[in-house]
Amino acid sequence: MATMEECRSALDKLSDNLARAEGDVRAAAALDRSLSCHITDLDVTFAGRLRSGRIEVHDTAPGPPREKAQIRLAMKGDDLVAMVDGELNFAKAWASGRIRLEASFRDLLRLRTLL
């Protein structure tokens with residue numbers, strides 16, 4: 001099971017990857033939205049913003065998200081680490097229910113480029 005530190009590191013790496021992206025991926029990541037990532041097996045939530053192509057984590061709290069973010073992710077820590085390391089395909093994991101993504105329809109359309 002991934003630790004809280006490994007999950008935070010994976011989010012930082014994902015943020016770095018988004019910041020270096022080009023073309024359609026960069027445009028999709030250029031949203032300014034509140035974001036939460038609930039790590040279900042650790043029962044901890046990282047909350048922050050997706051802004052200018054980066055993920056800014058502002059808070060880490062036990063339990064599910066305290067507030068409803070505009071983009072909400074939920075997954076096991078191992079799945080987050082594997083996804084960021086390129087070992088887990090996001091689309092397949094999302095389709096199978098291993099990863100949950102909730103957002104407005106408009107945001108989902110923009111985010112599909114990232115997925």
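Because everything here rests on a prediction, local features are taken only where pLDDT is at least 70, side-chain atom pairs count only at pLDDT 80 or more, and totals for chains, interfaces and linings use all residues. Residues are numbered from 1 along each chain as its sequence is written, and side-chain values use heavy atoms, with hydrogens and water left out.

Let me start with helix H1, residues 4–20; helices here are DSSP runs of H or I with at least four residues, strands are runs of E with at least two, and both are numbered from the N terminus. The expected span of a helix is taken as 1.5 Å times one less than its number of residues, so the 17 residues of H1 should span 24 Å, and the end C-alpha atoms, which are 25 Å apart, agree with that.

Which residues of H1 are buried? They are Cys-7, Ala-10, Leu-11, Ser-15 and Leu-18, where buried means under 20% relative accessible area, exposed means over 50%, and partly exposed is in between, computed with a 1.4 Å probe on protein chains only. As background, an α-helix has 3.6 residues a turn, so residues three or four places apart point the same way. On the other side of H1, Glu-5 and Arg-20 are exposed.

What covers the buried residues of H1? The cover includes helix H2 (23–29), strand S1 (32–39), strand S2 (44–51), strand S3 (54–62) and helix H3 (77–84).

The axes of H1 and H3 come within 9 Å and cross at roughly 30 degrees; axes are lines fitted to C-alpha atoms, for helices over the stretch in contact, and angles run from 0 to 180 degrees between N-to-C directions. H1 and H3 are therefore roughly parallel to each other, since angles under 35 degrees count as roughly parallel, over 145 as roughly antiparallel, 65 to 115 as roughly perpendicular and the rest as oblique. The crossing of H1 past H3 is left-handed, a term used if the near helix is turned anticlockwise from the far one by less than a right angle, with right-handed used if clockwise. From H1, the contact is made by Glu-6, Cys-7, Ala-10, Leu-11, Lys-13, Leu-14 and Asn-17, and from H3 by Gly-77, Leu-80, Val-81 and Val-84, contact meaning heavy atoms within 4.5 Å.

Turning to H3 itself, 6 of its 8 residues are buried, so H3 is largely enclosed by the rest of the structure. The buried ones are Gly-77, Asp-79, Leu-80, Ala-82, Met-83 and Val-84, and what covers them includes H1, S1, strand S4 (71–75) and H4. After H3 comes Gly-86, whose phi is positive, near 85 degrees.

Within helix H4, residues 90–96, we find Ala-93, which counts as buried at 1% relative accessibility. Ala-93 and Met-83 are 10 residues apart in sequence, and their C-alpha atoms are 8.9 Å apart in space. Leaving aside neighbours within four places in sequence, Ala-93 is in contact with Leu-88, Arg-98 and Ile-99.

Ser-36, in strand S1, is buried with a relative accessible area of 2%, and, not counting residues up to four places away in sequence, Ser-36 touches Thr-45, Phe-46, Ala-47, Pro-65, Ala-69, Ile-71, Arg-72 and Leu-73.

Finally, the loops. Asp-43, between S1 and S2, has a phi near 50 degrees, a positive value in a residue other than glycine, and counts as partly exposed at 39% relative accessibility. Ser-52, in the loop between S2 and S3, has a positive phi near 55 degrees and is exposed, with a relative accessible area of 58%.
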